[in-house]
Amino acid sequence: SAEEVHIEEAYITFTALPGGFSARAGQWLTFVGRHNREHPHVFSYLDHPLLVREYLGGEGWSSVGAQLSTLLDVGSVPLTLTAEVLDRGPGAAGHAHGHEEESHEEEHEDSSSGAPGRTLGDLAYNGRASMFLTLGESTWLDFGASAGTGIYDEDENLRQVWYGADAKFKWAPNQYTSLTVVAEFLGNAYDVIELEPGILAVASGPATSRPFGFFANVDYRFNRKWNVGALVDYAQEIEDPEHDQLGVGAFGGFSLFEESTLIRLLARRDYVPEEKDPFSVQLQVVFSLGPHKPHQF
């Protein structure tokens with residue numbers, strides 16, 4: 001950013017632990033749903049969906065932690081189970097209350113003055129299960145479910161619980177043509193202090209906000225380098241789930257060199273209550289240097 005340079009992902013992976021397990025330690029984009037784990041350059045539609053931006057952070061939720069995963073065979077279907085212990089929740093405190101910086105400063109002051117440290121209850125926990133199905137020679141389906149909990153506002157000791165499901169269907173009859181359909185749902189239960197602007201919850205404890213969001217897109221790639229598609233994007237606000245945003249759009253792209261040099265165009269309309277419906281057209285050029293490992297399905 002303009003103020004600082006920070007690490008998005010830096011981790012070590014242990015691939016051959018006893019019992020068929022693998023492990024990870026460091027910092028990474030957490031395994032909550034599908035889109036949070038992907039970098040924007042693999043998108044066809046320019047930016048993270050609303051559900052990621054609203055509930056997991058503007059550029060996705062990246063956290064320090066430890067992860068353990070295993071691959072099981074359920075009949076002929078591979079099942080991947082993943083458990084994560086993370087430093088903190090998705091960090092919606094700055095969005096919901098605007099005092100994230102203050103809470104970090106107070107935390108630093110408390111630790112320097114010898115106040116009690118963090119406990120296991122202050123950490124965040126996430127689990128994910130996913131299955132991969134081969135439906136034919138050129139057709140595949142991958143679907144998963146995620147759930148977890150963590151403190152998202154340390155100053156007020158407010159907790160977030162999340163749960164979601166996602167699926168990806170792909171048909172690729174040859175190396176030049178493919179049809180991909182992706183859908184994701186993410187629900188939440190937030191502890192909140194403000195019931196209405198300026199009105200605090202009663203002393204019995206915080207209220208609960210239950211916003212949710214979903215995203216779906218269809219992407220058709222033809223002639224290998226060209227693609228077109230459409231999307232629908234929806235999310236409710238954390239503080240007031242009755243206030244929501246719905247977006248629909250169409251996109252197209254041209255890949256000069258696979259994913260390293262891209263030109264993408266998105267036309268989108270967002271429907272926001274009590275506001276004018278903004279229509280936008282965005283052009284994006286993406287380029288990158290250096291090696292890049294193949295992406296998972």
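**Exercise 1. Determine which residues Val-161 touches, leaving out those up to four places away in sequence, and describe its setting.**

Step 1. With contact taken as heavy atoms within 4.5 Å, Val-161 touches Gly-148, Thr-149, Gly-187, Asn-188 and Ala-189.

Step 2. Val-161 belongs to strand S7, residues 158-174, where helices (H or I, at least four residues) and strands (E, at least two) are DSSP runs numbered from the N terminus.

Step 3. Val-161 counts as partly exposed because its relative accessible area is 33%; buried means under 20%, exposed over 50%, and partly exposed in between, with a 1.4 Å probe and protein chains only.

The model used here is predicted, so local features need pLDDT of at least 70 and side-chain atom pairs count only at pLDDT 80 or more, while totals for chains, interfaces and linings use all residues. Residues are numbered from 1 along each chain as its sequence is written, and side-chain values use heavy atoms, with hydrogens and water left out.

**Exercise 2. Place Pro-273 in the chain and find its contacts beyond four places in sequence.**

Step 1. Pro-273 sits in the loop that runs between strand S15 (261-271) and strand S16 (279-287).

Step 2. Pro-273 is classed as partly exposed because its relative accessibility is 31%.

**Exercise 3. Decide whether Leu-46 and Arg-224 are buried or partly exposed.**

Step 1. Leu-46, in the loop between strand S2 (21-29) and helix H1 (50-55), has a positive phi of about 80° although it is not a glycine.

Step 2. Leu-46 is buried, because its relative accessibility is 7%.

Step 3. Arg-224, in the loop between strand S12 (212-222) and strand S13 (226-236), also has a positive phi, near 65°, but Arg-224 counts as partly exposed because its relative accessibility is 42%.

**Exercise 4. Identify the element that gives the most to the nonpolar surface patch.**

Step 1. The patch, with about 960 Å² of accessible area together, includes Leu-256, Phe-257, Ile-263 and Phe-287; patches are made of residues with over 30% relative accessible area and no salt bridge, nonpolar side chains (Val, Leu, Ile, Met, Phe, Trp, Tyr) being joined within 5 Å and like charges within 9 Å. Accessible areas come from the Shrake-Rupley method with a 1.4 Å probe, and a salt bridge is a side-chain nitrogen of Lys or Arg within 4 Å of a carboxyl oxygen of Asp or Glu.

Step 2. Two or more residues come from each of strand S14 (244-257), S15 and S16, and S16 gives the most, with five.
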